[in-house]
Amino acid sequence: MDEKTALVLEGGSMRCLFTAGVLDAFLDWGLKFPCVTGSSAGAFSAVGYLAGQRGRTARINLRFAGDERYLGVRSLLRHHSVFNFDFLFGEIADSLEPLDRAALAASPARFAAFATDVATGESVAFEKGKCSDIYLACRASGSMPLLAPIVQMDGRACMDGGIAAPVPYQWAFDQGCEKIVVVLTQAAGYRKKAVSPTMARALARHYRLYPAFVDCCLSRPDRYNAEQLELSRLEREGRAFLIRPDRPVTVSRVEKDVDKLHALYLEGFRVADARKQALLKFLGQ
């Protein structure tokens with residue numbers, strides 16, 4: 001594959017089951033990208049893909065979606081995070097669904113997990129091999145506002161990467177990539193609605209020391225919607241290849257219905273398989 005091609009993964013919490021299906025299809029084909037970027041759940045999904053562990057992302061979410069140690073009110077009360085990242089990168093990664101950390105470290109692909117700097121509201125790329133801890137960077141990338149604590153990462157106070165960079169494709173172009181393959185977790189035509197007044201007040205109150213971050217959260221819908229228009233333009237120009245669900249996604253960010261999650265995973269695999277030849281042509285293979 002051309003070294004100037006990047007894989008870009010949108011977040012979406014449990015909607016990453018769609019991404020997991022797409023990435024497992026890529027692993028089945030032996031398709032590897034020289035550069036991978038992801039925000040929030042997109043960064044988590046990239047970990048298993050780069051480690052070459054087919055099915056790991058899906059197994060974790062299907063196995064533990066209903067486990068309060070992993071997701072839910074119990075985790076929020078005990079760990080101040082709706083997702084228990086200590087459990088994810090601890091017991092799960094060490095023994096329950098072992099992560100091949102050596103394989104990830106040895107992967108020649110560049111991998112950047114994106115977070116949002118709460119002091120400035122800016123997007124920050126933490127790259128494997130260049131940042132101090134890529135797993136902590138993924139944790140920062142997935143720490144959702146109001147549902148997780150701020151994470152200190154390499155001297156920056158960080159949260160959800162999807163706030164400042166919902167689909168972190170621009171970094172790939174800035175690094176010299178000429179083409180991008182983008183996995184989205186919402187169907188074509190999806191647009192985010194403005195933040196409700198109630199949510200805006202909650203954000204302003206909770207992050208009163210970080211007004212730039214509050215502004216970033218409030219402007220996220222406009223930024224996300226503009227990105228979707230830009231990605232469609234890039235697709236028309238032949239610079240981007242978009243893979244996304246065929247129909248509106250009903251899976252919530254903290255979905256616990258295993259049947260719905262499994263169906264979304266299978267859809268990701270099916271959509272990728274249906275577009276295989278078009279994708280390979282885009283990649284020049």
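Cys 16 belongs to helix α1. With a relative accessible area of 5%, Cys 16 is buried; that word stands for under 20% relative accessible area, while exposed is over 50% and partly exposed is in between (1.4 Å probe, protein chains only). Tyr 265 is 249 residues from Cys 16 in sequence, yet their C-alpha atoms are 8.2 Å apart in space.

A word on what you are looking at. This is a predicted model, in which local features need pLDDT of at least 70 and side-chain atom pairs count only at pLDDT 80 or more, while totals for chains, interfaces and linings use all residues. Residues are numbered from 1 along each chain as its sequence is written, and side-chain values use heavy atoms, with hydrogens and water left out.

Now step back to the whole chain. The protein chain holds 13 helices and eight strands; these are DSSP runs numbered from the N terminus, with helices being H or I of at least four residues and strands E of at least two. The C-alpha trace spans about 50 × 40 × 40 Å along its principal axes. A compact globule of 285 residues would have a radius of gyration near 19 Å, and the 18 Å of the protein chain agrees with this. That radius is taken over C-alpha atoms, and the globule rule is 2.2 Å times the number of residues to the power 0.38. Of the 285 residues, 56% are buried. Among contacts between residues at least 6 apart in sequence, 73% join residues at least 24 apart.

What lies inside? In soluble globular proteins, nonpolar side chains tend to be buried together. Here the largest nonpolar core has 68 residues, and Leu 7, Phe 26 and Phe 111 have the most contacts inside it. Such a core is a set of buried Ala, Val, Leu, Ile, Met, Phe, Trp, Tyr and Cys residues joined through side-chain atoms within 4.5 Å. Helix α1 (residues 16-29) gives the most to this core, with eight residues. Apart from it lies another core of 18 residues, including Val 8, Ala 172, Ile 180 and Val 182.

Follow Phe 111 next: beyond its neighbours within four places in sequence, its contacts include Val 36, Leu 50, Ile 134 and Phe 126. Phe 126 sits in strand β4 (residues 123-127) and counts as buried at 5% relative accessibility. Among the residues that Phe 126 touches, leaving out those up to four places away in sequence, are Phe 111, Met 153 and Cys 158.

Another stop is Ser 39, in strand β2 (residues 35-39). Ser 39 is buried, with a relative accessible area of 0%.

Finally, look at two loops. Most residues other than glycine have a negative phi. Ser 13, which is not a glycine, has a positive phi of about 55°; Ser 13 lies in the loop between β1 (5-9) and α1 and is buried, with a relative accessible area of 8%. Leu 146 also has a positive phi, near 70°. Leu 146 is placed in the loop between α7 (134-141) and β5 (151-153), and is partly exposed, with a relative accessible area of 29%.

Terms used
Contact = heavy atoms within 4.5 Å.
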